[in-house]
Amino acid sequence: MSEIVLRPINKADHAEDALDLAQRAADYVILEVGHAPDAAFINDFFDAVPPGLTTADLMTFGVMQEQAMTGIVCIAEGYELPTDWWIGLVLLDPAYRGSGIGRTVLHLIKTKARRARMTMLKLAVLEANPRAMHFWTREGFVPHRYAPATPQSDGHNRWVLKYQL
Ligand SMILES: CC(C)(COP(=O)(O)OP(=O)(O)OC[C@H]1O[C@@H](n2cnc3c(N)ncnc32)[C@H](O)[C@@H]1OP(=O)(O)O)[C@@H](O)C(=O)NCCC(=O)NCCS
(Lines give C-alpha, C1' and ligand atoms only; values in the text may rest on other atoms or scores of the structure.)
Protein backbone atom coordinates (compact mmCIF):
# COMPACT_ATOMS: atom_id res chain seq x y z
CA MET A 1 0.00 0.00 0.00
CA SER A 2 1.43 3.43 -0.88
CA GLU A 3 1.72 6.02 1.86
CA ILE A 4 -1.45 7.35 3.48
CA VAL A 5 -1.39 10.97 4.69
CA LEU A 6 -3.93 13.25 6.36
CA ARG A 7 -4.00 16.45 4.31
CA PRO A 8 -5.75 19.47 5.89
CA ILE A 9 -8.77 20.48 3.79
CA ASN A 10 -11.16 23.45 4.02
CA LYS A 11 -14.64 24.24 2.73
CA ALA A 12 -13.58 26.99 0.32
CA ASP A 13 -11.12 24.82 -1.58
CA HIS A 14 -12.26 21.24 -1.02
CA ALA A 15 -16.07 21.14 -0.65
CA GLU A 16 -16.42 19.58 -4.11
CA ASP A 17 -13.82 16.87 -3.41
CA ALA A 18 -15.42 16.12 -0.02
CA LEU A 19 -18.87 15.84 -1.65
CA ASP A 20 -17.45 13.49 -4.27
CA LEU A 21 -15.98 11.31 -1.53
CA ALA A 22 -19.23 11.38 0.45
CA GLN A 23 -21.15 10.35 -2.67
CA ARG A 24 -18.84 7.37 -3.11
CA ALA A 25 -19.40 6.56 0.57
CA ALA A 26 -23.16 7.19 0.42
CA ASP A 27 -23.87 3.88 2.19
CA TYR A 28 -22.72 5.37 5.48
CA VAL A 29 -24.23 8.81 4.87
CA ILE A 30 -27.64 7.26 4.17
CA LEU A 31 -27.34 5.17 7.33
CA GLU A 32 -26.56 8.26 9.40
CA VAL A 33 -28.71 11.04 7.91
CA GLY A 34 -31.30 9.02 5.96
CA HIS A 35 -30.56 10.43 2.49
CA ALA A 36 -27.78 10.74 -0.06
CA PRO A 37 -25.00 13.22 0.72
CA ASP A 38 -25.75 16.80 -0.30
CA ALA A 39 -24.34 20.31 0.25
CA ALA A 40 -25.85 20.45 3.74
CA PHE A 41 -24.00 17.28 4.73
CA ILE A 42 -20.73 18.80 3.50
CA ASN A 43 -21.44 22.09 5.28
CA ASP A 44 -21.94 20.13 8.50
CA PHE A 45 -18.75 18.18 7.89
CA PHE A 46 -16.75 21.42 7.70
CA ASP A 47 -18.71 23.61 10.14
CA ALA A 48 -20.79 21.64 12.66
CA VAL A 49 -19.32 22.15 16.12
CA PRO A 50 -19.98 20.27 19.34
CA PRO A 51 -21.57 22.30 22.16
CA GLY A 52 -19.32 25.02 23.58
CA LEU A 53 -16.82 25.04 20.68
CA THR A 54 -16.37 27.21 17.58
CA THR A 55 -15.23 26.42 14.05
CA ALA A 56 -11.72 27.47 15.15
CA ASP A 57 -11.64 24.24 17.18
CA LEU A 58 -12.31 22.06 14.12
CA MET A 59 -9.80 20.22 11.94
CA THR A 60 -10.77 18.60 8.67
CA PHE A 61 -8.57 16.28 6.63
CA GLY A 62 -8.60 14.37 3.40
CA VAL A 63 -7.20 10.84 3.64
CA MET A 64 -4.82 10.90 0.69
CA GLN A 65 -3.19 7.97 -1.05
CA GLU A 66 -0.95 9.76 -3.53
CA GLN A 67 -3.40 12.02 -5.41
CA ALA A 68 -6.52 9.97 -4.55
CA MET A 69 -8.84 11.16 -1.78
CA THR A 70 -9.77 7.85 -0.14
CA GLY A 71 -11.55 9.33 2.86
CA ILE A 72 -12.39 12.35 4.98
CA VAL A 73 -11.89 12.99 8.67
CA CYS A 74 -13.08 15.69 11.03
CA ILE A 75 -11.92 16.28 14.58
CA ALA A 76 -12.94 18.81 17.23
CA GLU A 77 -10.46 19.84 19.90
CA GLY A 78 -11.74 20.36 23.44
CA TYR A 79 -14.94 18.32 23.55
CA GLU A 80 -15.88 16.99 26.10
CA LEU A 81 -12.77 18.10 28.03
CA PRO A 82 -9.98 20.54 27.04
CA THR A 83 -7.54 17.68 26.33
CA ASP A 84 -10.02 15.54 24.37
CA TRP A 85 -10.00 15.20 20.60
CA TRP A 86 -13.52 14.33 19.46
CA ILE A 87 -13.46 12.38 16.19
CA GLY A 88 -16.59 13.63 14.44
CA LEU A 89 -16.22 11.44 11.36
CA VAL A 90 -13.86 8.98 9.69
CA LEU A 91 -15.41 8.10 6.34
CA LEU A 92 -13.57 5.97 3.78
CA ASP A 93 -14.51 5.23 0.19
CA PRO A 94 -15.89 1.64 0.22
CA ALA A 95 -13.33 0.71 -2.45
CA TYR A 96 -10.59 1.37 0.11
CA ARG A 97 -12.16 -0.19 3.22
CA GLY A 98 -11.05 -3.38 4.92
CA SER A 99 -7.39 -3.12 3.89
CA GLY A 100 -5.89 -1.36 6.90
CA ILE A 101 -6.33 2.29 5.90
CA GLY A 102 -8.65 2.89 8.86
CA ARG A 103 -6.00 1.59 11.24
CA THR A 104 -3.36 3.77 9.55
CA VAL A 105 -5.64 6.83 9.77
CA LEU A 106 -6.18 6.18 13.47
CA HIS A 107 -2.42 5.86 13.99
CA LEU A 108 -1.92 9.25 12.27
CA ILE A 109 -4.67 10.82 14.42
CA LYS A 110 -3.07 9.45 17.59
CA THR A 111 0.34 10.86 16.61
CA LYS A 112 -1.14 14.30 15.90
CA ALA A 113 -3.18 14.25 19.11
CA ARG A 114 -0.18 13.35 21.26
CA ARG A 115 1.84 16.15 19.62
CA ALA A 116 -1.00 18.53 20.52
CA ARG A 117 -0.77 17.24 24.12
CA MET A 118 -4.20 15.67 24.08
CA THR A 119 -4.92 12.85 26.53
CA MET A 120 -8.07 11.24 25.13
CA LEU A 121 -9.76 10.42 21.83
CA LYS A 122 -13.56 10.16 21.87
CA LEU A 123 -16.21 9.49 19.27
CA ALA A 124 -19.83 8.43 18.95
CA VAL A 125 -20.65 5.32 16.97
CA LEU A 126 -24.16 4.54 15.76
CA GLU A 127 -25.67 1.46 17.37
CA ALA A 128 -26.87 0.69 13.82
CA ASN A 129 -23.22 0.46 12.65
CA PRO A 130 -21.85 -2.76 14.23
CA ARG A 131 -18.91 -2.98 11.78
CA ALA A 132 -17.61 0.39 12.95
CA MET A 133 -18.16 -0.67 16.57
CA HIS A 134 -16.08 -3.76 15.81
CA PHE A 135 -13.35 -1.60 14.23
CA TRP A 136 -13.06 0.88 17.11
CA THR A 137 -13.15 -1.75 19.85
CA ARG A 138 -10.58 -3.83 17.95
CA GLU A 139 -8.39 -0.69 18.00
CA GLY A 140 -8.71 -0.40 21.79
CA PHE A 141 -11.59 2.05 22.24
CA VAL A 142 -13.82 1.30 25.23
CA PRO A 143 -17.37 2.44 26.09
CA HIS A 144 -17.54 5.87 27.74
CA ARG A 145 -21.32 6.35 27.84
CA TYR A 146 -24.49 5.33 26.03
CA ALA A 147 -26.34 8.15 24.26
CA PRO A 148 -29.86 6.95 23.41
CA ALA A 149 -32.03 8.77 20.88
CA THR A 150 -34.18 11.52 22.36
CA PRO A 151 -37.36 13.12 20.97
CA GLN A 152 -35.20 16.07 19.78
CA SER A 153 -32.43 13.99 18.19
CA ASP A 154 -31.94 12.22 14.87
CA GLY A 155 -33.35 8.91 16.09
CA HIS A 156 -30.01 7.12 16.47
CA ASN A 157 -28.84 5.40 19.62
CA ARG A 158 -25.10 5.89 19.98
CA TRP A 159 -22.22 4.57 22.00
CA VAL A 160 -19.65 7.17 22.97
CA LEU A 161 -16.27 5.45 22.98
CA LYS A 162 -12.95 6.65 24.36
CA TYR A 163 -9.27 5.86 23.92
CA GLN A 164 -6.67 6.98 26.47
CA LEU A 165 -3.60 8.34 24.67
C1 LIG B 1 -14.89 2.07 9.89
C2 LIG B 1 -13.76 2.38 8.90
C3 LIG B 1 -13.22 3.78 9.16
C4 LIG B 1 -12.65 1.35 9.17
O5 LIG B 1 -11.62 1.56 8.23
P6 LIG B 1 -11.07 0.31 7.38
O7 LIG B 1 -9.91 0.76 6.58
O8 LIG B 1 -12.19 -0.33 6.66
O9 LIG B 1 -10.58 -0.61 8.57
P10 LIG B 1 -9.32 -1.57 8.60
O11 LIG B 1 -9.09 -2.18 7.24
O12 LIG B 1 -8.18 -0.91 9.29
O13 LIG B 1 -9.91 -2.65 9.56
C14 LIG B 1 -10.95 -3.47 9.07
C15 LIG B 1 -11.86 -3.78 10.19
O16 LIG B 1 -12.88 -2.79 10.24
C17 LIG B 1 -14.12 -3.41 10.12
N18 LIG B 1 -14.96 -2.65 9.21
C19 LIG B 1 -15.86 -1.74 9.67
N20 LIG B 1 -16.56 -1.26 8.65
C21 LIG B 1 -16.09 -1.86 7.51
C22 LIG B 1 -16.46 -1.79 6.14
N23 LIG B 1 -17.47 -1.02 5.76
N24 LIG B 1 -15.77 -2.53 5.23
C25 LIG B 1 -14.75 -3.36 5.64
N26 LIG B 1 -14.37 -3.47 6.94
C27 LIG B 1 -15.05 -2.74 7.87
C28 LIG B 1 -13.93 -4.83 9.63
O29 LIG B 1 -14.84 -5.64 10.38
C30 LIG B 1 -12.50 -5.14 9.94
O31 LIG B 1 -12.35 -5.86 11.12
P32 LIG B 1 -11.65 -7.34 11.07
O33 LIG B 1 -10.38 -7.18 10.25
O34 LIG B 1 -11.40 -7.68 12.50
O35 LIG B 1 -12.67 -8.19 10.38
C36 LIG B 1 -14.20 2.25 7.43
O37 LIG B 1 -14.59 0.92 7.16
C38 LIG B 1 -15.34 3.18 7.05
O39 LIG B 1 -15.10 4.30 6.60
N40 LIG B 1 -16.59 2.71 7.20
C41 LIG B 1 -17.77 3.49 6.82
C42 LIG B 1 -17.92 4.74 7.66
C43 LIG B 1 -17.93 4.45 9.14
O44 LIG B 1 -18.60 3.54 9.61
N45 LIG B 1 -17.17 5.28 9.86
C46 LIG B 1 -17.08 5.20 11.30
C47 LIG B 1 -18.13 6.05 11.91
S48 LIG B 1 -18.06 5.93 13.71
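Helices, as H or I runs of at least four residues, and strands, as E runs of at least two, are DSSP assignments numbered from the N terminus. On this basis the protein contains five helices and seven strands. The model is a predicted one. Read from the N terminus, the order of elements is β-α-α-α-β-β-β-α-β-α-β-β.

The overall dimensions were considered next. The C-alpha trace spans about 40 × 35 × 30 Å along its principal axes. The radius of gyration of the protein is 15 Å, which agrees with the value near 15 Å that a compact globule of 165 residues would have. Of the 165 residues, 41% count as buried. The protein exposes about 8,700 Å², and 53% of this area is supplied by carbon and sulfur atoms. Among contacts between residues at least 6 apart in sequence, 60% join residues at least 24 apart. V33 belongs to helix α2, which covers residues 26–33. With a relative accessible area of 35%, V33 is classed as partly exposed, because this value falls between the limits of 20% and 50%.

In soluble globular proteins, nonpolar side chains tend to be buried together. In the present model the largest nonpolar core has 25 residues, of which I109, L121, W136 and F141 touch the most other members. Two or more residues of this core come from each of β1 (4–8), β2 (58–65), β3 (68–77), β4 (84–92), α4 (101–115), β5 (120–126), α5 (130–138) and β7 (158–164). The most is given by α4, with five residues. Another core, of 18 residues, lies apart from the largest one, and its members include L21, A22, Y28 and L91. When neighbours within four places in sequence are left aside, I109 is in contact with L6, V73, I75, W85, I87, V90 and L121.

The ligand is surrounded by 20 residues, the closest being G98, G100, G102, N129 and H134. A polar backbone atom of G100 is 2.6 Å from an oxygen atom of the ligand. For R103, a backbone N or O atom lies 3.0 Å from a ligand oxygen atom. N129 contributes a polar side-chain atom, at 2.8 Å from an oxygen atom of the ligand. On its own the ligand has 840 Å² of accessible area, and the protein covers 81% of it.

Two buried residues with polar side chains were then considered. T60 lies in strand β2. Its relative accessible area is 9%, so T60 counts as buried under the 20% limit. A polar atom of the T60 side chain lies 2.6 Å from the backbone oxygen of I9. Not counting residues up to four places away in sequence, T60 touches R7, P8, I9, N10, F45, F46, V73 and C74.

K122 is located in strand β5. Its relative accessibility is 3%, and K122 is therefore also classed as buried. The side chains of K122 and D84 are joined by a polar contact of 2.6 Å. Apart from neighbours within four places in sequence, K122 is in contact with E80, L81, D84, W85, W86, I87, H144, L161 and K162. One of these residues, E80, is found in the loop between β3 and β4. The peptide bond that joins Y79 and E80 is cis, with omega of about 10°.

Backbone geometry was also examined at two loop positions. E66 lies in the loop between β2 and β3. Its phi is near 50°, a positive value in a residue other than glycine. With 58% relative accessibility, E66 is exposed, because the value is over 50%. R117 is placed in the loop between α4 and β5. The phi of R117 is about 65°, again positive although R117 is not a glycine. At 70% relative accessibility, R117 likewise counts as exposed.

Note on methods
Residues numbered from 1 in each chain as written. Predicted model: local features only at pLDDT ≥ 70, side-chain atom pairs only at ≥ 80, totals over all residues. Heavy atoms only, no water. Core = buried A, V, L, I, M, F, W, Y, C linked by side-chain atoms within 4.5 Å. Buried < 20%, exposed > 50% of the residue type's maximum accessible area, 1.4 Å probe, protein only. Contact = heavy atoms within 4.5 Å. Near = heavy atom within 4 Å. Polar contact = N/O pair within 3.5 Å; in protein donor to acceptor, adjacent residues only side chain to side chain. Areas by Shrake-Rupley, 256 points an atom, 1.4 Å probe, with all protein chains shown as cover. Rg over C-alpha atoms; globule rule 2.2 N^0.38 Å.
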